[in-house]
Amino acid sequence: MDIGMIGLGRMGANMAERLIGGGHRVVGYDVSSDAIKKLETTGGEGAKTLEALTGALNAPRAVWIMVPAGEPVDDTIKGLVPHVEKGDTIIDGGNSMFEDTMRRAESLREKEIHFVDAGTSGGIWGLREGYSLMIGGEKEAVKRLEPIFKTLAPAENKGWGHVGPSGAGHFTKMVHNGIEYGMMQAFAEGMSMLDHKKDFNLDLHQISTIWQHGSVVRSWLLDLIVRALKENPDLKGIAPYVSDSGEGRWTVFEAINMDVPAPVITLSLLQRLRSRDTESFSDRMLAVMRQQFGGHAVKREGDS
């Protein structure tokens, strides 16, 4: 099956390579000419413009977008619309806000162009292990694209599914990422407790490998912890700064909007934000308040 791929960053390039390996014809476009050349080395075809990309695809076309959420998606769709036709499908595989997806789907529906949202999880391991795909959109469009989804997924009948109408795929992926935040925070806090119990001289790598088998907490995240601790047991050189892609924030906002309590996900997001405050004014204020009401000593900068 033909598919156009727009956005050949690491994940987009890996997805294209998996599709090519599965027997699909991939025509790719990226603002980086080096990314296009790399695609060509893996068996794909490069296009220098969006018009050239759509012109190289057989109708009805399928064009997969892998660009950052927000304006880049809108700009890409705006650039594509003059070069696609009735019955063609645009797929957004990035981490878009589901409300934006619903808006885009409605706008394209008026032009009789299908819009499918494919919430995609798998990261840098997807090329080898396959991607988890949470798909939203019209049944007709999703059904036609099944060969693509089956190739990208871990197996033809595992790790992917049509979860609902336009926006449902990105909403599901948003909640998925919120859950991921909470799980990661729990592992991080538990490992921190083990690390702080110095009198036991615990080997965190050994313990994490024990938990991999038979334990209730065994998981892919734990497997990644084992790998990381084997490479760097003390996490030397790793700054205590944790970024977020935005989906954790959206999950918390939606939980509040729907009156759904989500304290673990919310606190895990706040902890990520806390990691970025290297000059925490709030911690300084807490120390001063303790000094004021209780006479507690204040630790000065530079004190050991």
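## Overall architecture

Of the 304 residues in the chain, 41% are buried (buried means under 20% relative accessible area, exposed over 50%, and partly exposed in between, with a 1.4 Å probe and protein chains only). The model is predicted: local features need pLDDT of at least 70 and side-chain atom pairs count only at pLDDT 80 or more, whereas totals for chains, interfaces and linings use all residues. Residues are numbered from 1 along each chain as its sequence is written, and side-chain values use heavy atoms, with hydrogens and water left out.

The chain comprises 14 helices and eight strands (DSSP runs numbered from the N terminus, helices being H or I with at least four residues and strands E with at least two). Its C-alpha trace spans about 75 × 40 × 35 Å along the principal axes. Among contacts with a separation of 6 or more, 65% are between residues 24 or more positions apart (contact means heavy atoms within 4.5 Å).

## The cavity

On a 1 Å grid over the protein atoms alone, a cavity is a set of points where a 1.4 Å probe fits but cannot get out, and lining residues have an atom within 4 Å of a point.

The lining of the largest cavity consists of Ala105, Arg109, Ile113, His114, Phe115, Glu138 and Ser166. Helix H5 (98-109) and strand E6 (114-121) are the elements that give two or more residues to this lining. By class, the lining has three nonpolar, two polar and two charged residues (Ala, Val, Leu, Ile, Met, Phe, Trp, Tyr, Cys and Pro count as nonpolar, Asp, Glu, Lys and Arg as charged, and the others, Gly among them, as polar).

## Salt bridges

The structure holds 16 salt bridges, each defined as a side-chain nitrogen of Lys or Arg within 4 Å of a carboxyl oxygen of Asp or Glu. One of them joins the side chains of arginine 61 and glutamate 85 at 3.5 Å, N to O. Arginine 61 lies in the loop between helix H3 (50-55) and strand E4 (62-65), and glutamate 85 in the loop between helix H4 (71-80) and strand E5 (89-92), so the pair ties together parts that are 24 residues apart in sequence. Arginine 61 is buried, at 11% relative accessible area, whereas glutamate 85 is partly exposed at 45%.

Glutamate 106 and arginine 109 form another salt bridge, with the closest N and O atoms 2.5 Å apart. These two residues are three residues apart in helix H5 and are therefore separated by about one helical turn. Glutamate 106 is partly exposed, with a relative accessible area of 40%, and arginine 109 is partly exposed at 37%. Aspartate 199 and lysine 197 also meet through their side chains, at 3.9 Å, N to O; aspartate 199 is exposed at 60% relative accessible area, while lysine 197 is partly exposed at 38%. Salt bridges with shared partners join Asp74, Asp100, Arg103 and Arg104 into one network.

## Contacts of two residues

Threonine 89 is located in strand E5 and is buried, with a relative accessible area of 1%. Apart from its neighbours within four places in sequence, threonine 89 is in contact with Arg61, Ala62, Val63, His114, Val116, Ala141, Arg144 and Leu145.

Glutamate 17 belongs to helix H1 (residues 10-21) and is partly exposed at 35% relative accessibility. With neighbours within four places in sequence left aside, glutamate 17 is in contact with Thr42 and Leu127. The C-alpha atoms of glutamate 17 and threonine 41 are separated by 9.8 Å, the two residues being 24 residues apart along the chain.

## Backbone features

The peptide bond from alanine 59 to proline 60 is cis, with omega near -5°. Proline 60 is situated in the loop between H3 and E4.

Glutamate 112, a residue other than glycine, has a positive phi near 60°. Glutamate 112 occupies the loop between H5 and E6 and is partly exposed at 45% relative accessibility. Aspartate 259 likewise has a positive phi of about 60° although it is not a glycine. This aspartate 259 lies in the loop between helix H12 (247-257) and helix H13 (263-274), and at 70% relative accessibility aspartate 259 is exposed.

Methods
On a 1 Å grid over the protein atoms alone, a cavity is a set of points where a 1.4 Å probe fits but cannot get out, and a pocket is an open set with protein on both sides within 12 Å along at least five of seven lines; lining residues have an atom within 4 Å of a point.
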